[in-house]
Amino acid sequence: MTERVYLDWNATAPLRAEARQAMTSALELCGNPSSVHAEGRSARKLVEDARAIVAKAVGASPRNVIFTSGGTEANALALRPGLRRSSGAPVERLLVSAIEHASVLVGGSFSAPTIEIIRVTSSGLIDLVRLRALLVGRPPALVSVMLANNETGALQPVAEAAQIVHGEGGLMHVDAIQALGKIAFNINNLNADLVTLSAHKIGGPKGAGALVLAEGVAGLEPLLRGGGQELSRRAGTENVAGIAGFGAAAKAALEALETDTNRLEALRDRLESGLRQTPRAIIFSDAAPRLPNTTLFTVPGLRAETAVIGFDLAGIAVSSGSACSSGKVQPSHVLQAMGFGPELAQGAVRLSLGWSTGDADIDRCLEAWRKLAGSLLKG
């Protein structure tokens, strides 16, 4: 039987060997990390070691890393009224870009009347002029802009946006879930106040994530109250095995970052060169800086769900956009925000690569696409 090709890394990455080993070892421990006996201290050490690794990965202090159940919870924890710089006024409003993940678009704990949308350009980049207009002369706002879009791979001008936000007394939240392990960044060069991460995008386990705070951020109220875990910022016994796996995956991803980035960008470019041989093929956000591993494409008349099934029958796993919404037959909100009509927005297919992707996988994908295009785009 021919081995399947996995090209849906932006949805989730396979579990890294390092993460599996760390989790297996953690599962052998019986201690609660809040207990003071030897067993508890052993569990606590695993949590704190992972916290230090995740903090280092984004240039933060370990005391400012809050472990969560994943990216969605981390985003919900970040989007809270009352956040402030230690010497500033609390935020009263939320501004989110039109291409954010669903867990950000819902607005966290902000009420609907206090949420406003930042439009984006046809290349999928936030409109900084519009952002400034939404901030000037108005109460302080928390602004949420993802570093890398999960569908198009477009890299947002986060540092420039943060400069505008801070100039108007606001705070900057960056969803960096798709960027971690794919491009180099840290919380300081982003000029961010809050950064959210997720383990399973970098080869860690599903069900582990983190909210990372910059120094000087205050006013964060916990979503979950109870015990004093995570310095009283997230109650509940820590997922020791998941956190250990997160730390191991982060360490492995950062060690391989430069090599993987260059190799994947070359593979992506070869993939897109082959896709462009199909008449009228569109590569979204190709004029913008992008993740090295991500391609979102379509051809007028293509139905994404049909193409995804066709790829799957050919032994290739791809998606029709965000894994959190691709099970629903609806146009991509990201492409609609970029100004594309329903015909193109509901026909986009996402191909995303990872550390085990090779030339043979690109060859298989292009061969399958040529056959699919011939049958799905007749007439």
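Which residue in β9 does valine 65 stand opposite? Valine 65 stands opposite valine 212. The model is predicted; local features need pLDDT of at least 70, side-chain atom pairs count only at pLDDT 80 or more, and totals for chains, interfaces and linings use all residues. Residues are numbered from 1 along each chain as its sequence is written, and side-chain values use heavy atoms, with hydrogens and water left out.

Helices (H or I, at least four residues) and strands (E, at least two) are DSSP runs, numbered from the N terminus. Strand β9 covers residues 209-213 and is joined to β2 by 4 bridges. The two strands run antiparallel. Two strands pair if DSSP finds at least two bridges between them.

An open sheet is formed by 7 strands in the order β2-β9-β8-β7-β6-β4-β5. Its pairing is mixed. At the edges are β2 (65-68) and β5 (115-118), each of which pairs on one side only. From one strand to the next, the twist averages 20 degrees. Axes are lines fitted to C-alpha atoms, for helices over the stretch in contact, and angles run from 0 to 180 degrees between N-to-C directions. Helix α2 lies across β2 and β8. Its direction runs at about 115 degrees to β2.

Leucine 29 sits in the loop between α1 (17-27) and α2 (38-57). Its relative accessibility is 35%, so leucine 29 counts as partly exposed (buried means under 20% relative accessible area, exposed over 50%, partly exposed in between, with a 1.4 Å probe and protein chains only). Not counting residues up to four places away in sequence, leucine 29 touches Ser42, Ala43 and Leu46 (contact means heavy atoms within 4.5 Å). Glycine 107 is 78 residues from leucine 29 in sequence and 38 Å from it in space, C-alpha to C-alpha.

Two packed helices are described by the angle between their axes and the distance between the axes. For α5 (residues 128-135) and α6 (residues 158-167), the angle is about 15 degrees and the axes are 10 Å apart. The two helices are therefore roughly parallel to each other (angles under 35 degrees count as roughly parallel, over 145 as roughly antiparallel, 65 to 115 as roughly perpendicular and the rest as oblique). Leu128, Leu131, Arg132 and Leu135 in α5 meet Glu160, Ala161, Ile164 and Val165 in α6. These contact residues divide into 6 nonpolar, no polar and 2 charged (Ala, Val, Leu, Ile, Met, Phe, Trp, Tyr, Cys and Pro count as nonpolar, Asp, Glu, Lys and Arg as charged, and the others, Gly among them, as polar).

A further open sheet has 3 strands in the order β11-β12-β14, with antiparallel pairing. The edge strands are β11 (282-283) and β14 (349-352), and each pairs on one side only. Strand β12 (residues 294-298) is joined to β14 by 4 bridges. Threonine 295 has leucine 351 in β14 as its bridge partner. Helix α9 (residues 257-275) packs on this sheet and touches β11, β12 and β14. The direction of α9 makes about 10 degrees with that of β12.

Backbone angles mark two further residues. Asparagine 191 has a phi near 60 degrees, a positive value in a residue other than glycine. Asparagine 191 lies in the loop between β7 (171-175) and β8 (194-198). With a relative accessible area of 32%, asparagine 191 is partly exposed. Serine 232 is not a glycine, yet has a positive phi of about 65 degrees. Serine 232 is placed in helix α7 (residues 229-232).
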